[in-house]
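Please look over the sequence and the structure shown here before reading the notes. The points below are grouped by topic.

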Amino acid sequence: MTNDAQAVRSWWRTSIIDMEPGKIAFRGYPVQELIGNASFPQMIWLMTRGELPSPEQAALLEYALVAGVDHGPQAPSIAAARMAATCGVGLNNVMATGVNMLGDIHGGAGEQCAELYLDIAKRLDAGDELTSATTQGIALWRETYGKIVSGFGHRFHKPVDPRAPRLMELVRNAAKQGTVSGRFADIGEAVQIEIGRQRGSEIAMNIDGATAVIFCELGFPPPLSRGLFCLSRSVGVLAHGWEQIQQGGRNKGPMPPAYFPLYEPMEDHD
């Protein structure tokens, strides 16, 4: 192989896929061996982590993915996707519009919550007790990011987000079976209790707080928590986009056309 040819081949380097005419292998596994044997959650794990998980690990990952698929048009990602569907773009554009709405505030809370959990875990490794590690972790979080702690509280679901208790139950079951340690379930619940104590009333652990527990238990780095949520929510984005296309409608904005935004004139400046 010439130096030029080697330079061209080395332009992109990957350990994810080995592909040439008549051959496709993901992380060393021939695709024909994976088809019919590996589940979709197992494939997600294989592609992002480089190895196949156990069926029990894949099941726990799947629980988190199922829980996050949708939250209705109240969610900006879903509303944006449905509006895009009325603008004559293709379904792929509809999906991209919805997924591109998932940022630090809407969709990124799982990543931020996972970072908090891991910070508390480091404090525990250093010898702190769970209560003090949690209190210090929350204090540092608020000093850095502000009062609202990602993963806790919900504008609709008070005092309980119905998704979180079920996910935590499944994590606890997985810990009893030895699939995970249960350490981050303890941390997540400790954060929930401490926030409630400080505010003087109970607070919901939301979907981001619960899925962050699962992703941390399974060893996913925090940035992948956001990516995995995007994969999950893209199912709802697809479903709503397709439904809106079937319903029809043209150029639907965020409010019915009979209503107009409140006009507020700028203050006069001397």
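Predicted model: local features only at pLDDT ≥ 70, side-chain atom pairs only at ≥ 80, totals over all residues.

Strand 1 and strand 2 pair in the antiparallel sense, while helix 7 and helix 10 are roughly perpendicular to each other.

**The hairpin**

- Strand 1 covers residues 17–20 and strand 2 covers residues 23–26, and four bridges join the two in an antiparallel pairing.
- Across this pairing, E20 has K23 of strand 2 opposite it.
- Two residues sit between strand 1 and strand 2 in the hairpin.
- In this hairpin G22 has a positive phi, near 85°.
- In a regular strand, side chains alternate between the two faces of the sheet.

**V31 and its contacts**

- V31 is part of helix 2, which spans residues 31–34.
- Leaving aside residues up to four places away in sequence, V31 touches I24, A25 and F26.
- I17 is 14 residues from V31 in sequence, and the C-alpha atoms of the two are 9.8 Å apart in space.

**Helix 7 and helix 10**

- Two packed helices are described by the angle between their axes and the distance between the axes.
- Helix 7 runs over residues 109–125 and helix 10 over residues 183–199; their axes come within 10 Å and cross at roughly 110°.
- Angles of 65 to 115 degrees count as roughly perpendicular, and helix 7 and helix 10 are therefore described in that way.
- On the side of helix 7, the residues that meet helix 10 are L116, Y117, L118, I120, A121, L124 and D125.
- On the side of helix 10, the residues are R183, F184, I187, G188 and V191.
- Sorted by class, the contact of helix 7 with helix 10 has nine nonpolar residues, one polar residue and two charged residues.

**R163**

- R163 is found in helix 9, which spans residues 163–176.
- Why does R163 count as buried? Its relative accessibility is 15%, and buried means under 20%.
- The side chain of R163 makes a polar contact with the side chain of D161, at 2.8 Å.
- R163 and I207 are 44 residues apart in sequence, yet 6.2 Å separates their C-alpha atoms in space.

**S234**

- S234 belongs to helix 12, made up of residues 222–247.
- Is S234 buried or exposed? With a relative accessible area of 15%, S234 is buried.
- Not counting residues up to four places away in sequence, S234 touches M95 and V99.

Terms used: Residues numbered from 1 in each chain as written. Heavy atoms only, no water. Contact = heavy atoms within 4.5 Å. Buried < 20%, exposed > 50% of the residue type's maximum accessible area, 1.4 Å probe, protein only. Polar contact = N/O pair within 3.5 Å; in protein donor to acceptor, adjacent residues only side chain to side chain. Pairing = 2+ DSSP bridges. Axes fitted to C-alpha atoms, helices over the stretch in contact; angles between N-to-C directions. Parallel < 35°, antiparallel > 145°, perpendicular 65-115°, else oblique. Nonpolar A, V, L, I, M, F, W, Y, C, P; charged D, E, K, R; others polar.
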